[in-house]
Every structure is written in structure tokens, then in C-alpha cells.
Amino acid sequence: MSNLLLNKAFSEHSIEDVSSIDSLCSLTLLFKQKTDCKCVEIIENNQVKSINLSYYIGTDWLVKEKVAIYVAPKLNDEVTYIDYLKMAYSCLRHSDVSNYVDDLFEVKFNEPLIEINSNQDLLTPLLVVQFLQLVKNIVRKGLKKSYYNVEQNLNSKIKGKLLVSQTIKQNIIKNKPSKAFCKYDEFGFNCFENRVLKRTLLFIQKYLAFFPEYSKLANPVINYCMPAFHNVDENVDIKSIKNVTHNSFYKEYKEALYLSNLILKRFGYNIKDIEYLKKQKIKIPPFWIDMSKLFELYVLGLLKDKYKNKILFQVQGTYGQPDFLLVNETERIIIDTKYKRKYQQEKYIPEDIRQLSGYSRDIKILKRLGFISEDEQNITVDCLIIYPDQTASEDLADNLKSDKINGFSKFYKMPIKMPIISN
């Protein structure tokens with residue numbers, strides 16, 4: 001097997017004449033099988049092959065079990081990378097943001113595993129961060145109680161159903177006639193779902209021991225969550241997760257159990273397999289992470305830090321959804337994130353101006369902004385585009401409308417620096 005390693009954070013140009021793909025046919029790798037979401041595309045034009053990359057990082061097969069591609073979140077030099085994990089942690093701190101991560105990543109567990117360097121594993125840390133934030137929200141609300149099965153060797157009494165075979169093996173043969181092995185139901189915290197969550201938390205603790213840089217982010221959350229599971233066992237058949245029915249009152253449990261399954265499945269449900277992390281090479285399933293979606297959620301976290309519940313996310317209009325609406329006592333702004341480096345050189349991109357102009361005339365969106373009457377709906381609304389720029393500040397500007405886009409009424413743009421990490 002050979003690996004084709006590409007490092008791109010922003011992919012607005014193709015990488016041409018890559019010798020590793022000379023023998024490959026034209027192909028397209030899609031994100032979640034969506035035709036408009038292309039992770040990698042190999043194109044042949046005038047007998048010259050090129051690779052077009054979009055805004056996805058991860059690894060996948062170009063030729064199954066023969067040639068794999070790895071795309072890393074790299075910036076403009078050989079040692080500085082986007083700290084996508086810090087971005088994920090920043091936005092997932094907000095409990096309601098975790099409801100919007102369905103399209104953030106894709107894992108292909110049914111595909112053959114790909115061998116990579118252990119420090120190239122972008123997937124597992126992201127799953128861990130998302131899982132910990134969900135469990136933190138669950139603990140904050142309070143663990144659920146439900147009925148669960150208990151099997152116990154009781155002394156001088158029978159409770160529930162008598163398990164005859166176990167009673168004979170454990171008691172009669174061993175000359176303990178006063179004992180009976182019984183199965184019965186109890187109501188409490190030690191239910192199946194909580195045992196799965198505790199098992200995963202313990203698993204994550206062992207995993208983080210190999211990555212001190214991640215522990216700084218995760219350990220405070222683990223220390224907050226673990227006391228709530230004091231009376232919960234960790235012995236559980238993880239593979240039974242698919243049979244669990246979910247209560248809409250405990251909606252976080254559904255996503256947390258799904259992530260538990262992904263994290264544990266990543267290591268074959270065996271905590272001992274974490275020892276493999278000591279090796280330089282590991283095998284993981286093909287996966288993709290949508291960096292444009294992560295940037296959108298990262299900006300959402302920054303906006304919520306500053307404006308709290310004054311930020312509305314993905315309000316449905318008559319046609320389409322702007323990323324954010326800011327509605328407070330002094331400002332009403334339509335805000336959209338654009339994961340495009342072009343904004344560092346160009347004043348504006350015409351299709352983005354047209355898109356936000358459409359939002360600013362959408363009656364449903366105007367009503368959510370508080371413009372109710374027909375006269376109010378004729379008012380020109382402020383529109384803001386937020387884009388990444390590593391020369392800018394990591395914090396939102398005090399004045400969101402400080403950089404006006406000349407030639408357009410009430411159009412503004414603002415750069416945000418994404419957190420970085422050294423190689």
C-alpha cells in the first residue's frame with residue numbers, strides 16, 4: 001500500500017502533476033455521498049492529471065487497499081497547523097452547539113483500515129472532545145434513572161426469577177442450600193446507558209494518558225463528570241447499544257451513546273488496544289472532517305461567548321438559511337461565515353454578496369430580525385461576512401461593522417484568526 005500525503009487547509013487551487021497519481025484513473029471522493037460535497041477529485045486534462053481538494057481533512061482510499069490519500073489541516077509553512085481540536089472544544093462548550101455537528105465528520109467503518117502515523121489521527125481526538133461535552137451536559141442536567149436487570153446470589157430469600165442452573169452450580173454443588181441465584185429488576189442510576197457512558201469515560205482516560213496536550217482540554221471535564229457515575233458499574237456489553245430505545249426527554253443520551261460506539265469501535269471495543277498508541281504506526285478507518293463546517297461552528301462559539309442568546313443559528317428563510325442572525329437592542333445583522341482565503345486579497349466575492357442580499361430581502365428572515373410591518377421590511381439590513389485570516393485576532397472585534405465593503409450599502413467583512421499548533 002502507498003500513501004499520498006497532501007497538506008491543505010484552504011483548497012482553492014488544484015495541485016498539478018503529482019507523480020503519485022499518474023497511474024490512477026479519474027475519480028471523485030464524496031462526503032457522505034453528497035454530490036455537491038467533493039473531498040478529493042482527480043481530473044485528467046490534456047493528459048495532465050491534477051488533484052482538486054475541497055475543505056475536508058482526513059484519509060481515504062484512492063484505490064482500495066493499494067493507494068490512500070491523507071489531507072492534513074496545514075497552513076502556509078511546514079510546521080504550523082490549524083489546531084482544529086481547540087476549535088472543536090471552543091464551540092462544543094456551548095450545549096446547544098452540539099446539536100449541529102451531524103455534518104461535521106464521516107467515518108467509514110465498513111472500509112478497510114488505513115495505516116498512518118499515530119500523530120496523524122485527527123478523528124479520535126475530535127470524537128473524544130464531542131463526547132465529553134455531551135456527557136458534561138448530561139451530568140449538568142442529571143443522570144437518568146431507569147429499570148435494569150440485576151443478577152445476585154441472595155441469602156435465605158428469593159427475589160424476582162430464580163435462576164436454577166446458576167443456583168445449582170454456585171450453591172447446591174458447593175453445599176450452600178440457603179442461597180439462591182436470582183434475577184430481578186431495580187430502579188436507579190446503574191442502568192445500561194449510564195454504564196456505557198462510564199465505560200467510555202474510563203476508556204478516554206486511558207487514551208488521554210498518551211496525549212498530554214489533549215489532557216489539558218479534557219481532564220477538567222472528566223473530573224467534573226466522574227463523581228456523577230460513582231454508583232454506576234462499567235461492566236457492560238457495548239455491542240447492545242443498537243438495541244437501546246431513546247427517551248426524547250434525554251435527547252443528549254442518543255448522541256452520546258452513538259459517539260461511545262464510534263470511539264470504542266475505533267479500538268475494537270477493547271481498552272487494551274489503546275496500548276497500540278505507543279507504536280508509531282496505527283490503523284484507522286477512512287474518515288473526513290468538514291473544515292468549513294468546523295469554522296462555522298467555531299465562529300458560532302465566539303459569537304455566543306460575546307452575545308449569548310442574542311445569536312440565532314441557521315434560521316430557515318423562504319429560501320435558504322443564513323449562518324447567524326444577531327438580534328439585540330442596538331443591532332440587527334445577518335452574518336455568514338465563508339471559509340475562503342480569497343477574502344484576504346479581494347474586497348468581496350460577487351456570489352457571496354448576492355447570497356446575503358437574498359437573505360436581507362427574505363420576509364421570514366426579516367420577521368425573525370424583528371421587522372414586522374411592511375414599512376420596516378423595506379429597511380436595508382446590515383450584512384456581515386466572517387472569514388479566516390491568520391494575520392488577524394482570534395477575538396471578535398468590538399465593532400462588527402468596522403470594515404465596510406465599498407460599493408455596497410451596509411455590507412461588511414471581518415477576519416478571524418484560527419488557533420494554530422506547531423508540528
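Reader: In which sense does helix 2 pass helix 6, left-handed or right-handed?

Author: A crossing is left-handed if the near helix is turned anticlockwise from the far one by less than a right angle, and right-handed if clockwise. Helix 2 passes helix 6 in a left-handed crossing. Helices here are DSSP runs (H or I, at least four residues), numbered from the N terminus. The model is predicted: local features need pLDDT of at least 70, and side-chain atom pairs count only at pLDDT 80 or more, while totals for chains, interfaces and linings use all residues. Residues are numbered from 1 along each chain as its sequence is written, and side-chain values use heavy atoms, with hydrogens and water left out.

Reader: At roughly what angle do the axes of helix 4 and helix 5 cross?

Author: Axes are lines fitted to C-alpha atoms, for helices over the stretch in contact, and angles run from 0 to 180 degrees between N-to-C directions. The axes of helix 4 (residues 192–208) and helix 5 (residues 212–225) cross at roughly 155 degrees and come within 10 Å. Helix 4 is therefore roughly antiparallel to helix 5 (an angle over 145 degrees). This crossing of helix 4 and helix 5 is also left-handed.

Reader: Which residues of helix 4 make the contact?

Author: Contact means heavy atoms within 4.5 Å. Leu201, Ile204, Gln205 and Leu208 of helix 4 take part, and the residues of helix 5 include Pro212 and Tyr214.

Key
Helix = DSSP H or I, 4+ residues; strand = E, 2+ residues; numbered from the N terminus. Parallel < 35°, antiparallel > 145°, perpendicular 65-115°, else oblique.
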